Amino acid sequence: VIIGMNLILAENITRFFQEKVLKLYFNLAKDILGYGIFAAVSKCSGLILLPILTRLFTEQEYGTFDVIISISVFASILISLSLESALVRFWSSGVDRKLNAEKFTTCLITIFISGLLIITISLIVVILPLSVLENHQDIVWLIPIAVTSALFQVLFNLTNTCFRMCREIIKFNVMNLLYTVIYTVGSLLFILEFDYGIAGLFFGSLTSGIFCLLLSLFLNRDFLTLSYSSKRLFSFLKYSIPTMPGVFTSLVNTRADRFIILHFLGFATAGIYAAVFTYTSILQVLVSIFRNAWMPHSIKALSEDVVIRDKIYVNILHCYLLTFILLGSVFVLCSAFLMKLILPPVYQSGIVIVPWLVGAVILHGASSVANVGTVVTQKTIGNSYASILALVSNVLCSIFLIEKYGLKGAAIGTFVSEVLFFGFLLFLSHKQIKISFNYLFIAAILVLYSLFCFWFTFFDPEMYQL
């Protein structure tokens, strides 16, 4: 009788788990489609401008633009204090809008104050007669403009998070689409009509950021309040500050190649690398769609029973890797044709690095599932350790490989660093919450894709003559 009861109980638990997972898959697929309708355009501003900018500007000018963008990206980390991730983590899933309004307003005001401080520092740096900047006086004045643009983009992203957490997907995507349209049209207007050169890109971004922030604040006015909670801010910063080294080193890891290439090979080669990296944003858009759709469901899954929670994360990660590795491989195989359409001939030599950059993008996206251990335990410093490991490995690989293999070496270094980043998060999650992914399956996928990259980069030059 006891055995029979246990069998019935086990069967009920299995059926209950299957229903939970199927419901999550259905909701996740629905949200992915919802995000995908608009995100395919709204996240592609760089790709939309790529064929135009690479024909308007030389490789050196495009490389200069990318270096300044890298500086503004670093500034945005200091401005944001990673408070957007804290707001997502501590968002109240109930109907208590007043509580969420206090959390949102606290983050908004704090980020604005932080942004003003970073802008002031950027102005001081530009004014000071620093030797590192003396040979670039014609472009350093763009840095404060780029940092100001970064502030308004961070504020807009924070405000738009309210739509995402309320699952108002259409509003979220329309606002992102509007930002892209204004940025694209505004940048071209400043460049072509007012002859601002690469400065027009930053003026376009600034215009788009200010307008979309004001509109998003108006639409989310229910989340604006006069209440500012220092106590909540302290709890948010306690969660977010430990993630900042990870976020910073992760972005440095993404952008470090530019500066190493700049040092060894110059602005022109850095421009080619940046253009090819922007080309791979086609895959970055797809990954971004998944991450935006997965975020609310990942937080909701944390409230499930431990067994169900772990099964959800394991299944999602395995499906993600299999799906995106296949999509990435097809994308690589089509790149010879696509790059001829998008990029001028001088940039097409960078096609050999596409497989590695695509793999790096996919693995970085997988971190939103693999880091379940740090999310559950709230020991977010683990993300920072993973990012530092990735950064150190990327820099070392790039320094040793760029001199010998040029752009190929930089791309290989990026891929290796993301493998280590992803692997460390898997190890950390297993150590923290004893979750068990199918490590043999994951290793097989990574090995097969690495062999694919080596083949098409070093042993199959005919591919690039299609």
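**Note on side-chain contacts in the predicted model**

1. A search of the whole structure, which is a predicted model, finds 28 aromatic pairs. In one of them the rings of Tyr449 and Phe452 have centres 5.7 Å apart and planes at 35°, so the pair is tilted. Tyr449 and Phe452 both belong to helix H19 (residues 439-459), where 3 residues, about one turn of the helix, separate them. Tyr449 is buried, with a relative accessible area of 3%, and Phe452 is buried as well, at 17%.

2. Helix H19 also holds Phe454 and Phe458, which are 4 residues apart, about one helical turn. The ring centres of Phe454 and Phe458 are 5.9 Å apart with the planes at 25°, so this pair is stacked. Phe454 is partly exposed, with a relative accessible area of 37%, and Phe458 is partly exposed at 27%.

3. Which residues form one aromatic cluster? The cluster consists of Trp356, Tyr405, Phe415, Tyr449, Phe452, Phe454, Phe456 and Phe458, and it therefore includes the members of the tilted pair and of the stacked pair.

4. The largest nonpolar core has 130 residues, and those with the most contacts inside it are Leu317, Leu321, Val354 and Phe422. Helix H6 supplies the largest share of this core, 14 residues. If residues up to four places away in sequence are not counted, Leu321 touches Leu363, Ala366, Phe422, Ile442 and Ile445.

5. Turning to charged side chains, the structure holds 4 salt bridges. One of them joins Arg164 to Glu84, with the closest N and O atoms 3.8 Å apart; Arg164 lies in helix H6 (residues 142-165) and Glu84 in helix H4 (residues 83-89), so the pair ties together parts that are 80 residues apart in sequence. Arg164 is buried, with a relative accessible area of 8%, whereas Glu84 counts as partly exposed at 28%.

6. A salt bridge also forms between Arg232 and Glu102, where the closest N and O atoms are 2.5 Å apart. This pair links distant parts of the chain, since Arg232 is in helix H9 (residues 230-240) and Glu102 in helix H5 (residues 97-127), 130 residues apart. Here Arg232 is partly exposed, with a relative accessible area of 28%, while Glu102 is buried at 18%.

7. The side chains of Glu168 and Lys171 meet in a salt bridge, at 4.0 Å from N to O. Glu168 counts as partly exposed at 30% relative accessibility, and Lys171 is partly exposed at 40%.

8. Charged ends also sit over aromatic rings: that of Arg89 is over the ring of Phe90, 5.8 Å from its centre, and that of Arg221 is over the ring of Phe218, 4.4 Å from its centre.

Conventions. Residues are numbered from 1 along each chain as its sequence is written. This is a predicted model: local features need pLDDT of at least 70, side-chain atom pairs count only at pLDDT 80 or more; totals for chains, interfaces and linings use all residues. Side-chain values use heavy atoms; hydrogens and water are left out. Helices (H or I, at least four residues) and strands (E, at least two) are DSSP runs, numbered from the N terminus. Buried means under 20% relative accessible area, exposed over 50%, partly exposed in between (1.4 Å probe, protein chains only). A nonpolar core is a set of buried Ala, Val, Leu, Ile, Met, Phe, Trp, Tyr and Cys residues joined through side-chain atoms within 4.5 Å. Contact means heavy atoms within 4.5 Å. Rings of Phe, Tyr and Trp (its six-membered ring) pair if their centres lie within 6.5 Å; planes under 30 degrees apart count as stacked, over 60 as edge-to-face and the rest as tilted. A charge sits over a ring if NZ of Lys or CZ of Arg is within 6 Å of the ring centre and within 35 degrees of the ring normal.
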